[in-house]
Protein chains: 2
Amino acid sequence: MGKGDETRQVVLGQALRTASTLGLRGLTIGALAEQTSMSKSGLFAHFKSKEQLQCAVIEYASERFVERVLRPALREPRGERRLRALFDRWLDWDGGADLALPGGCVFISASAELDDEADGVLRDRFVRNQRDWLDTLASVFRSGITEGHFDADSDSEQFAHDLYGVMLAYHHATRLLRDPHAEQRARVAFERLLSLARRPTPVPV
Amino acid sequence: MGKGDETRQVVLGQALRTASTLGLRGLTIGALAEQTSMSKSGLFAHFKSKEQLQCAVIEYASERFVERVLRPALREPRGERRLRALFDRWLDWDGGADLALPGGCVFISASAELDDEADGVLRDRFVRNQRDWLDTLASVFRSGITEGHFDADSDSEQFAHDLYGVMLAYHHATRLLRDPHAEQRARVAFERLLSLARRPTPVPV
């Protein structure tokens, strides 16, 4: 990694921590210059605009997420074990010594920020990130169908949607409500999703 | 309703619409004065501070929520029918001609805003609101246990937590991703929660 790349990583790491607390809207090149002792003009030359900085932060967060959550899970055998590894790592991906996000999951705060925005570069970039992640969840789930762990009639997109809901409820319970049972509740909900995947899907009334 | 009360309702209605898009942090007495053609000093005299205005908006939103979601559901028979009525009304409580919130559910955006805040009057007020709502969900669910609709061993707090997750996933899918299947996914997830409540709870592995 060259010196320029290293500097970029340091700047983006700081920007990600800021975005996790203040949101993407709270990112400014001025404040970032102060926090990293870089010159404002140097950061401007590099990122061109606030929007490009915000996009770079989403990109950087996605890379960290893949590194910490997806890649290790993909080393597990296909199917249920891989899905469990992914769930476990997702649960605390925003903690850990090397990437402590003071404001918790930046994807969840970005969702709340960007959902009302008009279409644009940043929103589109973020929506793509979220759809990719739902596709990945569905695909790992489907590996459990081909391995014979889950019912062949299961709806993998519904599973991905539901699992995202389990994680959103966990985030709400642990960060807003500071519920000491948050993790246990998330684990119970996850086991239920798995146990349902082993049975024929119930038909809505 | 006196003239003072009416004015207060108009002002809070506008403040709620603003908060639904810009968040509680986006509320200012200055902008609210412009939007409602009231004097800034009049609004200051009434709300005293930005924080008191924010708390009043949470209070006002809670009243609208009770009026639109909870009260009509409580007119249904106890148990499953009441729970279904509550779910249906919750799904689109932020739409509807009399209360169209342009930025969607204000409770969900407030959750993302306030989860990182230090304890304080506004955060405490909001956390109380959210706990009350989870308690209400658990209590309506328990009415289904006493009516014999749900398994007596069901965990009503887990149910409330899971149902909140269904709603958070719905909000994410419909507002951020603009997923045309969002409502159908939420309904499938809800039916699954009900069908699980009719069976013995699976034990986490």
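This report walks through a predicted model of two chains, from the fold of one chain to the contact between both.

In this predicted model, local features need pLDDT of at least 70, side-chain atom pairs count only at pLDDT 80 or more, and totals for chains, interfaces and linings use all residues. Residues are numbered from 1 along each chain as its sequence is written, while chains are lettered from A and ligands numbered from 1 in the order in which they are written.

## One chain

Let us start with chain A. Its secondary structure comes to nine helices and zero strands, where helices (H or I, at least four residues) and strands (E, at least two) are DSSP runs numbered from the N terminus. The pattern along the sequence reads α-α-α-α-α-α-α-α-α. The C-alpha trace of chain A spans about 60 × 35 × 35 Å along its principal axes.

Of the 205 residues of chain A, 40% count as buried. A residue is buried if 20 or more other C-beta atoms lie within 10 Å of its own, exposed if 12 or fewer, and partly exposed in between, with C-beta atoms placed from the backbone. Two residues are in contact if their C-beta atoms, placed from the backbone, lie within 7 Å. Among the contacts in chain A with a separation of 6 or more, 60% are between residues 24 or more positions apart.

## Two helices side by side

Two packed helices are described by the angle between their axes and the distance between the axes. In chain A, helix α5 (residues 80-91) packs with helix α7 (residues 121-146) at an angle of about 155 degrees, and their axes are 8 Å apart. Axes here are lines fitted to C-alpha atoms, for helices over the stretch in contact, and angles run from 0 to 180 degrees between N-to-C directions. α5(A) and α7(A) are therefore roughly antiparallel to each other; angles over 145 degrees count as roughly antiparallel, under 35 as roughly parallel, 65 to 115 as roughly perpendicular and the rest as oblique.

Which residues meet here? On the α5(A) side they are A:Glu80, A:Arg82, A:Leu83 and A:Leu86, and on the α7(A) side A:Val140, A:Phe141, A:Ser143 and A:Gly144. By class, the residues of this contact of α5(A) with α7(A) divide into four nonpolar, two polar and two charged. Ala, Val, Leu, Ile, Met, Phe, Trp, Tyr, Cys and Pro count as nonpolar, Asp, Glu, Lys and Arg as charged, and the others, Gly among them, as polar.

In chain B, the axes of α5(B) and α7(B) come within 8 Å and cross at roughly 155 degrees.

Chain B is superposed on chain A by a rotation of 180 degrees with 0.0 Å of shift along its axis (RMSD 0.0 Å). That is the relation of a two-fold axis. The superposition is by least squares on the C-alpha atoms of residues with pLDDT of at least 70 in both copies. Among the residues of chain B, B:Gly165 comes closest to the rotation axis, at 2.3 Å (C-alpha). The same surface serves both copies, as 100% of the contact residues of chain B recur in chain A.

The contact takes 37 residues from chain B and 37 residues from chain A. On the side of chain B that touches chain A, the elements giving two or more residues are α6 (106-114), α7 (121-146), α8 (156-176) and α9 (182-197) of chain B. α8(B) gives the most, with twelve residues. That side of chain B divides into 17 nonpolar, eleven polar and nine charged residues.

B:Ala169 is found in helix α8 of chain B. Leaving out residues up to four places away in sequence, B:Ala169 touches A:His161, A:Asp162, A:Tyr164, A:Gly165 and A:Leu168.

The largest nonpolar core has 114 residues, and those that touch the most other members are A:Ala15, A:Val57, A:Val166, A:Leu193, B:Val57, B:Val166 and B:Leu193. Such a core is a set of buried Ala, Val, Leu, Ile, Met, Phe, Trp, Tyr and Cys residues joined through C-beta atoms within 7 Å.

| Residue | Burial | Other C-beta atoms within 10 Å |
|---|---|---|
| B:Ala169 | buried | 24 C-beta atoms |

B:Arg75 lies in the loop between α4 (50-74) and α5 (80-91) of chain B. B:Lys48 lies in the loop between α3 (40-47) and α4 of chain B, and has a positive phi of about 70 degrees although it is not a glycine. Most residues other than glycine have a negative phi.
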